[in-house]
Structures are given as structure tokens and as C-alpha cells.
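Please read it alongside the sequence and the coordinates shown here.

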Amino acid sequence: MQDIKSIMEEAREQLKKVSTSEEAEELRVKMLGRKGKFTEMLRSMKDMSAEEKKQFGRETNQAKAEFQQMLAERKEAIVKKAKDTRLAAETIDVTEPGRPVHYGVKHPITQTIEEVVGIFEDMGYSVYESPDIDTTFNTFDGLNAPETHPARDVTDTFYLSEKVCLRPHTSSGEVRAEKELSLPYQIVLPGRCYRRDTPDATHSPTFNQIEMMVIGEGITMADLKGSLDYMAKKLFGPETRTKFRPHHFPFTEPSAEMDVSCFKCGGKGCSVCKGSGWIEILGCGMTHPHVHQVAGIDTEKYTGFAVGMGVERIAMLKYGIDDIRLLYENDMRFIEQFK
Amino acid sequence: MLLSVNWLKDYVKIDVPAHEFGDRMIMTGSNIETITEIGTGISGVVIGKIEKIVKHPNADHLVVCSVNVGKSEPIQVVTSAENVYEGAFVPAALDGSHVPALHGAPHKEEGYEIHSGSMRGVDSDGMLCGPQELGLDDKVAPYISKDGIWLLPGDWSDQLGQDVTEALGLRDAVIDFEITPNRPDCLSMLGMAREAAATFGEKMQLPDTSLKPSGEASTDYISVEVRSDLCKRYTARVIRDVKIEQSPWWIQKRLIAAGMRPINNIVDLTNFVMLEYGQPMHAFDIDTLKDHRIIVDTAKDGDTFTTLDGNERTLDHDMLMINDAEGPVGLAGIMDGMDSEITENTNTVVLESASFLGSSVRLTAKRLGMRTEASSRYEKGIDPNNCEAAADRFCHLVQELGCGTVLDGAVDIYQKPETAPTVTARVSRINKVLGTQISREQMKGYLEALEMKVEGDGDELIVTPPSVRQDLLEEVDYVEEVARMYGYDNLPMTLPAIASKPFFSKSWTLRNLTRDLLCGMGATEIQTYSFSNQKILDRAGVPEGTMERNLIRITNPMGEDTEFMRTLLAPSMLEVLGTNYAKRNDHVLAYELGITFRENVIASELPKEHYNLCLGAYGGDEDFFSLKGIITELLDRLGVGPLRFEPEKEYTMFHPGRCARIFVKSPNGEDVEIGIMGEVHPEVQENFGIGDRAYVAELFFNLITELSDRVIQYKKPPMFPSTSRDVAMIVDEGLPVGHIEEAIRDLGLPLLDDVKLFDIYRGLPVPPGKKSVAYSITYRSDERTLTDQEADAAHQAVLDMLREKFGAELRDN
């Protein structure tokens with residue numbers, strides 16, 4: 001019969017050789033199982049005196065606990081090592097490409113419309129739309145355009161009949177809005193327009209405009225300036241300055257064109273602004289009383305303003321696109337850059 | 001309108017540089033296209049006089065000129081120009097001089113340097129310059145110098161050897177003003193001088209129109225009769241003993257800067273005064289006018305007339321003509337006839353300074369398809385009050401130049417004198433519109449600076465403008481006058497205080513949502529033209545006789561391809577797919593959300609405009625079902641469904657076995673067709689150069705918008721587990737699986753939770769003409785966990801129906 005000391009000795013020796021969970025279990029059975037050495041040791045106590053039992057039992061249990069502790073540690077180390085080995089084997093090359101996720105891109109024209117319309121919606125404007133095909137009354141006469149206005153010419157505007165045309169500007173929606181909506185209102189009116197321009201780098205027979213129109217009591221030209229200055233800062237950045245130059249449109253008076261300080265050079269002069277530091281962005285003005293009178297609006301009580309801007313022009317300036325035809329060619333390699 | 005700043009200085013004091021002048025003019029309403037510095041880039045070019053010309057010994061087309069350039073010895077210059085003569089004054093570029101351009105040589109930013117050299121064995125100490133070499137455009141080069149050396153008009157003997165830039169005063173700034181159609185008065189030096197004077201607070205100097213008497217009267221030579229009120233005023237003056245020669249340099253210089261070619265003194269003076277006053281003028285040779293009579297009258301239908309350009313024109317009764325005793329000599333305000341032009345032999349000239357009704361000139365010019373400098377001015381409106389002053393100015397210049405004898409008085413027919421309307425503008429209204437507090441005194445000052453008469457008091461400004469200002473008709477016009485003189489820059493910036501109620505457009509919202517969703521699903525948006533034509537519909541396989549073939553026609557299209565408005569987006573989509581395929585983009589998934597156009601059954605109303613949504617794809621893993629998956633998810637998100645896809649074999653855009661029409665049940669139980677989708681027919685694919693199977697869908701977005709119900713009614717997640725049963729069956733190949741699922745759902749089993757197709761198998765052991773279809777069917781109750789018996793009972797009903805309805809042969813699991 002071995003003594004407890006040599007059993008512990010043996011256990012330590014054997015524990016050193018254990019390298020797998022199976023071997024650890026084998027050793028556990030050998031030492032702690034029903035026929036294990038510690039078990040037998042304790043079983044051998046039954047013939048001892050009470051005093052001996054007490055002493056022997058304590059020592060043996062102490063040794064057993066010590067072994068159990070050692071065995072547990074060993075087991076844990078084995079599990080950890082196995083885990084480490086597996087993780088090491090599972091190492092991936094993180095520089096391999098991710099699985100592609102393809103998100104589509106909105107057309108840059110749409111993006112520009114959404115951006116501008118969004119700015120005006122934030123200011124309390126509502127989207128109002130009118131048809132692409134409209135009457136010459138809504139397009140010209142109702143907008144105070146004289147009989148001789150060059151835009152009426154068949155070389156400029158597409159006609160479906162004498163009284164029906166493809167709108168050359170979104171302003172055609174102004175008279176409709178006046179007749180349909182209740183005062184006061186603030187609307188933004190995006191849409192497609194058509195002009196008989198042969199396609200080249202800066203002309204397209206199909207293009208888009210955004211019209212803004214406000215009618216209310218006490219609306220002033222100062223309001224027009226303030227609203228557009230706000231838009232320009234939102235659209236082109238907070239440093240943007242605006243300049244309003246007198247101009248002439250039949251449907252507004254006073255009329256203006258608005259320039260913004262060049263967003264490329266900040267106004268110092270560069271190729272984008274052709275050295276002037278300013279870029280022409282839109283036409284606007286206080287709605288001509290004749291245009292309000294078409295819908296029977298009391299021009300003494302109400303005043304208002306209207307703005308029209310070219311979407312393609314804004315998109316081209318913003319993104320530095322030098323040929324409008326790229327926008328209608330629909331080459332995916334072009335459109336998908338505008339993400 | 002090209003404006004020479006030096007010329008403008010004849011009428012108003014300007015002492016700021018051109019660009020600063022331009023900037024301030026812009027802010028008072030005269031917009032600028034360009035500012036060009038002229039007379040720059042020249043050095044070492046001097047005034048010379050050709051003393052002697054001898055033939056070049058070795059070349060027939062060259063001559064050797066001996067040129068006095070103010071030094072003790074003349075220089076020797078070889079030239080090929082044919083217009084040189086002994087005694088001519090010319091610009092001579094000396095050795096080492098610099099010119100901005102060389103005739104016939106490519107344009108160089110830095111210009112050209114001129115050196116002495118030898119030409120065919122004869123020394124040449126520099127070069128004689130043509131107009132181009134001194135920076136003049138070909139089209140303004142003086143007539144006698146245009147293809148040769150610049151022959152300077154007049155005597156330059158005391159300036160030989162002087163720098164040409166200095167001597168000729170070539171340096172100037174030419175500003176191209178953009179004149180808006182409401183301001184025809186600004187198409188003249190005097191008009192611009194009025195604007196400049198008001199802008200800079202200066203006084204304007206009017207040109208000298210004084211005349212010395214000659215003792216003979218114009219009325220003895222010419223009679224004028226006006227028989228139509230399309231002629232507002234006709235002023236004629238007569239000049240005798242006309243000497244046709246080159247104009248003096250100071251006249252030529254003005255014309256050149258304004259973009260006109262000097263021809264001879266009489267023509268140049270008509271142009272000079274036209275530019276000065278904006279008043280078109282015409283000079284007739286009196287001897288070509290039968291009986292020395294001028295009769296202004298409308299033509300008779302069918303009359304013909306040969307204009308100066310040699311074309312015979314057919315006239316009608318709306319056209320105003322200038323006639324002599326025999327017949328027409330000119331189209332009033334547009335162009336004159338072949339025979340009445342002045343020539344070198346002309347002795348007596350009749351000068352016409354008239355005002356014709358703009359709309360009449362416009363109509364005539366349009367009908368005859370001719371537009372001239374004069375007609376475009378008349379179209380915009382010519383103030384009849386200017387006719388006499390302009391004629392007098394012409395005659396004053398004739399006397400000043402000494403090129404003719406001006407007869408006294410004018411023949412002047414002005415039946416209904418016109419005056420500019422007096423308008424009352426309210427100070428309060430102007431401030432109300434502008435958002436300002438400008439005082440009455442300030443406003444009065446601005447208007448008076450523009451040469452307006454201002455009367456009245458208190459809130460009222462009673463304003464009479466100069467008669468050239470035909471644009472000032474009502475109060476609002478003065479709001480603008482005050483605003484631009486006050487300066488738009490000085491207006492405050494505020495935001496509107498307005499209580500408008502926002503409203504929302506369902507279509508706009510859904511279109512935005514659709515774009516967001518489709519982009520999320522990997523589709524990229526395209527935008528194509530709204531035009532169409534029958535040929536592209538042929539190529540796209542759109543069947544004859546369908547509504548889509550009924551295109552709305554544009555009466556003045558730009559070309560055959562763009563003659564009609566589109567009824568469908570798919571043809572353009574196919575074109576875009578073809579373009580991208582040709583550009584080797586190997587995978588495309590695209591969509592367009594755009595307006596299509598249909599005839600309105602009510603002819604008096606505008607055509608119908610509807611948004612359509614078109615999807616197109618090729619390459620990648622795209623197939624019928626990938627596209628169907630996108631449509632299904634999209635419409636589900638838009639709150640449209642359930643969908644039903646019916647096979648469509650006849651629509652020739654698509655593969656007959658791979659096309660479906662898409663239906664939705666509307667709230668009233670009706671089946672609504674909302675679109676069509678499929679694999680593109682191989683022939684159509686080929687027509688558009690798409691070298692891969694392509695897939696297209698076209699959906700009617702207006703119907704989708706109507707049917708869309710996006711109200712969300714949530715259900716609590718299920719409390720009790722579900723039980724599922726699989727069923728596999730063999731059915732006829734021709735039975736659409738959609739019908740099987742529909743039939744299962746139509747049973748209306750209360751415990752049925754979901755039906756999912758998970759396998760379709762063809763081939764052994766399934767016999768030919770049959771397919772094996774497998775579904776997983778889920779049963780669930782909201783009140784309890786189902787027992788197997790309950791699930792089995794429900795499932796049995798499904799199995800019985802499948803056997804009965806479809807003759808399905810159930811397979812063992």
C-alpha cells in the first residue's frame with residue numbers, strides 16, 4: 001500500500017504528462033474514481049482508530065483536494081490551449097475585399113431637385129406641380145408676356161397646337177396655382193421644361209426648372225432677397241454671399257437676377273466664375289400685378305414674389321459637369337459617381 | 001449692344017476705369033456680357049506715308065514701298081497688298097515692333113514680333129499693317145482696307161513716325177451690354193448715356209444738331225405722302241452735291257468699336273446716327289425715285305419686289321412699302337430695293353428718318369424670313385419723336401464733314417404725335433413692395449436723374465418720362481425705376497411673415513419613397529428625354545394598334561426622332577441599356593420615374609400626363625425573378641397588393657414565355673392592371689444592341705399612387721408557436737405555381753398562417769410534362785398552441801383540395 005505522499009508524487013508526475021481532456025479524465029478516474037487511489041486510501045481508513053482516522057482522513061482529503069485543484073487547472077489549461085489553437089487556425093486575411101453591397105444612385109438632377117425643394121419645404125413651402133403640356137395662356141399671356149415676346153416664337157417653344165405648348169418654363173404653373181390655391185401660399189414647383197435648343201454642351205431640349213412662388217399680405221422684395229440668400233447659404237455653404245442685379249422678365253417687376261459668390265474660389269475669381277467671383281444662378285422678382293390680376297387677386301392687399309432656377313445649371317456648377325448631355329446619356333459610370 | 005467707352009464720354013463725364021464703370025452700370029440695370037480692351041498689344045507701329053512704289057525685281061505679286069516714317073531717310077518695305085498707292089498713309093511696323101495678330105497666321109495670346117528681313121532678295125525694314133494686324137476683327141475692317149493694308153483716311157502728314165495707338169486713339173474699352181426687350185431706348189449711345197448719367201449723377205450732353213442754311217428747301221426736291229397708319233412718322237431731308245469718300249477717322253473709329261464696317265461717308269453717317277440715336281436711317285439716290293416722290297403705303301396681295309440682296313419677294317396687304325411714283329423701292333423698315341442705293345455717281349440724296357409700327361415690321365420680316373439691323377430695331381419700338389432730331393444730326397455731320405449741301409427744312413409727316421404717358425406712383429406703394437422707407441425726395445431725385453418730370457405732392461409722384469422710355473406705363477414700372485436707382489444691394493434682407501398652410505402631395509411623397517426604395521435595392525436612376533417616335537416603338541416591339549402607339553405630335557419638332565411625346569418609358573430604357581452595353585458596363589439595374597403622355601378623349605382638354613415607373617436590367621444575376629422580387633417588395637412597401645402575375649404571350653416587346661401582366665385587387669374588389677414585366681424579346685434585344693438577356697418592367701405609377709395605402713396596422717407578435725407541414729406534389733408543367741398558392745389561400749382556413757414555395761423539381765423520377773412542387777405551410781392559432789391533430793386536420797383540407805382541383809399527385813415526404 002502506497003502512502004499518501006507517494007500517491008501525490010505519482011499524481012503530480014502523471015499530471016505533467018496529461019495533454020488532452022481525455023487523458024485528464026483517465027487520470028481523474030485512476031485517482032478519484034471508485035477504484036481510484038484516493039478512494040482506496042480513504043476506504044482503507046475503516047480499520048483505523050478514531051484518532052488515526054481523524055489524522056489520516058484530514059491528510060488524505062487535503063491531498064485529494066490539492067490534486068483536484070491541480071487537475072482542474074490542468075483541464076482549464078488544456079481547454080484554453082485548444083481554443084487558442086482553433087482561433088489561430090481560423091485567422092482570416094482582413095485585407096480580402098468585402099462581399100459587395102450595391103446601393104443604387106439617384107440621378108444628379110433628382111438629387112439637386114430634392115436638395116432645393118427640401119430647403120424650401122423646411123421654410124414652410126409646399127410642393128405644387130403643374131403639367132408639362134400647358135396652354136399658351138398659362139405660359140405666356142397670363143404671365144404678362146407681350147404678343148411679341150421672342151419665347152413665343154416657333155423657333156423657341158414647342159407647340160402641339162396654336163393654344164397648347166410644351167412649357168418652356170415652370171412659370172406656367174403660376175397662373176394655375178393662383179387659381180387653385182387659397183391665399184396666402186408659399187409653393188415650390190419643380191418640373192421638366194422644353195425649349196427648341198439643339199443639344200450642345202450647355203443646351204438640352206429637355207431640362208428642369210424649380211419655380212418658387214409666394215403670395216401674401218406684406219410680402220416685400222426684402223423678403224425675396226432674404227429667402228434666396230438663405231437658400232444660397234444652405235445650398236452652397238454658409239460663407240456664400242448673394243448679389244441681386246436688376247433684370248427684366250415680363251411676369252415680375254421689379255425683376256432681378258441673383259448671383260452667388262463663387263463656391264469654388266470664394267469670390268477671388270477662377271475658371272468656374274470666369275474670373276468675376278460671381279456665378280449667375282437664377283431669375284426672380286416681385287410678381288407683376290397683371291399676373292395676380294389674372295386670377296382676380298387683390299393686388300393692393302396682396303403682394304408676392306416668384307423665382308425660377310435651372311436645375312441642370314445648378315447641378316453642373318455644383319459638380320463641375322461641363323457638358324449637359326452627360327446628364328441625359330445615362331451612362332452608369334457617370335451617374336453612379338453621384339453617391 | 002457694343003458700347004465704346006470713349007464714345008460715351010462724348011455725352012457724359014466718366015472718370016472711372018471701364019470695369020468699375022461696368023460694375024456700377026450692372027447694378028442700375030444695364031447687364032453686361034463682356035468687357036473687351038481694344039488697341040492693346042501694339043508697340044513700335046508708327047504712322048507712315050508711302051512715298052514711292054516700285055515693282056519687286058524677283059516677284060510679280062510683290063511691290064517695294066518707300067515709306068516715310070518721320071525720319072531723315074524713308075524705310076523700305078516689301079508688301080503683297082494690292083490696295084497701296086503712292087501718297088497713302090499707312091501703319092508701319094518697324095523692326096522689333098509688336099502686333100497682336102498676323103493676317104493669315106494662327107492666333108497667339110502673346111501676339112507677334114516683327115523684324116527686318118529679306119523678301120525674295122529685297123530687304124524689308126518691317127511691315128505695313130492691315131486692320132487685322134492692329135487687332136481689328138475682319139468684319140469691321142474698313143471697306144477699302146479689308147483685304148490689304150490699312151489706308152488711313154485723311155491727312156496724317158504732321159504725325160509721321162508717331163505711335164499709331166496714340167495717333168489713332170486706338171485704345172478703348174468696348175462693353176457688350178445685354179439690352180432687355182423692355183429697353184429698346186438703350187440700344188443707342190444716347191440711351192446708354194442717359195443711364196450712365198443717372199448712375200453717376202452727371203449731366204448728359206446732347207449732340208449738336210444745329211444747321212447752317214443753304215437757301216434751298218428740301219420740299220422743292222421731294223414730296224412725301226403717307227397713306228397708312230402703320231407709318232407713325234416719316235421725315236425726309238435732301239442733301240445735294242454729295243461727295244462720296246472715306247469718312248474721317250473719328251467717325252470710322254466709332255463705327256469699328258460698335259462692330260460696324262466703315263464703307264463710305266454717307267453710309268457711315270447713317271450708321272453713326274443710328275448708333276447714336278437708335279434711329280434707323282436710309283439714304284436714297286433721288287434720281288432713282290420716279291417723279292421724286294415717296295409714297296408710304298401697304299402692298300397689294302401678290303405684288304413682287306426685289307430687295308437689295310437680290311431676292312424677289314412676294315408681298316401681301318399687311319406689308320408696308322416705300323414707293324415712288326411707279327412702284328415699290330423699299331420694304332419699310334426692313335430692306336430697300338436694288339435700284340435706289342446710292343453709288344459713287346450719286347449727286348443728291350434723300351435721307352429717310354422714319355418710325356414704323358413695330359408689330360407690322362415684325363410680321364413682315366417674319367413672313368419674308370428676313371431680319372436686318374433696321375427691322376430688329378423697329379420691331380422693338382422706335383420713338384417717333386426722335387426722327388427729326390436724328391435727321392438733323394445727320395445733316396449737321398454732313399456739313400461738318402463738308403461732304404454735301406444740306407437743303408433747308410425737312411418734309412415731316414407726323415399725323416398723331418405720341419407722348420409718354422404721365423403716371424401717378426405712390427411713395428407708400430413703392431416702399432410697400434420693396435420693404436423700404438425711401439423718402440419722397442429721394443425717389444424724386446432718382447426719377448429726375450433719369451430725365452423724368454416729377455410733379456404732385458404728399459404720397460403722389462406724378463411722373464412724365466422722356467418719350468423714348470416706352471416701357472413706363474403704370475405705377476409698378478416706377479417701383480422698378482426707384483428700386484434699381486436705390487440699388488438692390490441696399491434693400492434689406494428679411495424672411496416672409498406669412499401664415500400659409502402647408503399641403504402635401506401623395507404622388508410627390510410616393511415618388512420620393514420609390515426612389516429611396518429602389519436605390520436601396522440596388523437600382524440606379526436614369527432620366528431620358530420625353531420625346532418618342534414610331535420607329536423606336538417598332539424597334540421596341542410595341543404592338544401595332546395599342547394605345548401606346550397613339551403618340552401626341554409636336555407641330556414644330558426639332559427632328560424626326562423627337563417629333564412625338566412618349567407614351568412609355570421602356571423604349572428609352574432599352575436605348576439606355578444598349579448604350580451601357582456598348583460602353584461595356586457588364587451589369588445594369590436601372591429605373592426611370594417619368595411622365596408619359598396620352599391623348600385626352602376630350603379633345604378640348606390638355607393631354608393626359610401620367611407618371612410611369614420603368615425598370616431595366618441585364619448582366620449580373622439579373623433574371624425575371626430578380627426583377628419580380630424587386631417589384632414585389634417595392635409595391636409591398638408602397639402599400640399596394642397583393643399582386644397577381646398573369647402570363648402574357650402576345651406583347652412583342654417581351655419573350656413570349658417570359659412575360660407577365662401585373663394585377664392588383666383594388667379596394668372595391670376589381671382587378672386593376674398596374675403594369676407589365678418580362679424578359680426582353682431576343683429580337684428587341686438585338687435591335688437595341690444589348691448582347692445579353694435583358695429584363696424590363698413598366699408600371700403605371702398613377703394607378704399605384706391611387707391604390708397605395710400605407711396606413712400601418714400592427715399586429716402583436718404571435719404568443720403561441722406555429723406548426724408547419726410540408727407538401728410535395730406532382731402537377732402538370734403548365735400549371736402556374738401562383739395559382740396553387742392562391743388556391744390554398746382561397747380556402748380561407750382560419751388556422752392558415754403562411755404558404756411558402758420551397759422547391760420546384762423537373763426530371764426523373766418526375767415524368768416529362770410534369771413538375772414536382774413543394775410547399776411549406778404554417779398553421780397557427782392566436783389563442784393556443786395547436787395540437788398535432790388540429791394541424792393535421794387543417795392540412796388534410798389543403799391536400800384534398802390540391803388533389804381535387806389540380807389533380808395533384810402527392811408525394812411522400
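## A buried arginine and its partner

B:R549 is buried, with a relative accessible area of 10%, where buried stands for under 20% relative accessible area, exposed for over 50% and partly exposed for what lies in between (1.4 Å probe, protein chains only). Its side chain meets that of B:D538 in a salt bridge of 2.8 Å, N to O, a salt bridge being a side-chain nitrogen of Lys or Arg within 4 Å of a carboxyl oxygen of Asp or Glu. Helices (H or I, at least four residues) and strands (E, at least two) are DSSP runs, numbered from the N terminus. B:D538, for its part, is partly exposed at 44% relative accessible area.

## Basis of the model

This is a predicted model, in which local features need pLDDT of at least 70 and side-chain atom pairs count only at pLDDT 80 or more, while totals for chains, interfaces and linings use all residues. Residues are numbered from 1 along each chain as its sequence is written, chains are lettered from A and ligands numbered from 1 in the order in which they are written, and side-chain values use heavy atoms, with hydrogens and water left out.

## Domains

Chain B is divided into domain 1 (2–38 + 173–200), domain 2 (43–170), domain 3 (218–413), domain 4 (423–488), domain 5 (506–707) and domain 6 (723–811), with bounds that come from an automatic or database domain assignment. Taken over C-alpha atoms, the centres of domain 5 and domain 6 of chain B are separated by 34 Å.

Chain A is divided into domain 1 (4–89) and domain 2 (108–335), and the centres of these two domains of chain A, again taken over C-alpha atoms, are separated by 90 Å.

## The interface of chain B and chain A

In chain B, 81 residues are in contact with 94 residues of chain A, contact meaning heavy atoms within 4.5 Å. The area buried between the two chains is about 7000 Å², of which carbon and sulfur atoms give 57%; this is the accessible area (1.4 Å probe) that two parts lose on being put together, summed over both.

Across this interface the rule finds 46 residue pairs in polar contact, both residues at pLDDT 80 or more. A polar contact is a pair of N or O atoms within 3.5 Å; within protein, one must be able to donate a hydrogen and the other to accept it, and residues adjacent in sequence count only if both atoms are side-chain atoms. Helix α13 (residues 506–520) of chain B gives the largest share of the side of chain B that touches chain A, namely 7 residues. The count between chain B and chain A is 4 salt bridges, and B:K583 forms a salt bridge with A:E329, the closest N and O atoms being 3.1 Å apart.

## Salt bridges within chain B

Side chains of opposite charge can pair when their charged atoms come close. Over all chains, a search of the whole structure finds 76 salt bridges. The side chains of B:D316 and B:R367 meet in a salt bridge (3.0 Å, N to O), and this pair links distant parts of the chain, 51 residues apart, with B:D316 in the loop between β17 (312–314) and β18 (320–323) and B:R367 in helix α7 (residues 358–368). B:D316 is buried at a relative accessible area of 16%, whereas B:R367 is partly exposed at 46%.

B:R183, B:D185, B:E195, B:R469, B:D471, B:E481 and B:R484 are linked in a network of salt bridges.

## The surroundings of B:R693

B:R693 lies in the loop between α17 (682–687) and β36 (694–700) of chain B and counts as partly exposed at 44% relative accessibility. B:R693 and B:Y618 are 75 residues apart in sequence and 6.0 Å apart in space, C-alpha to C-alpha. A polar contact of 2.6 Å joins the side chains of B:R693 and B:E679.

## Backbone features

The peptide bond from A:L183 to A:P184 is cis, with omega near -10 degrees, and the one from B:L764 to B:P765 is also cis, with omega near 0 degrees. B:R584, although not a glycine, has a positive phi of about 60 degrees; B:R584 is found in the loop between α15 (570–582) and β31 (588–598) of chain B and is exposed, with a relative accessible area of 76%.
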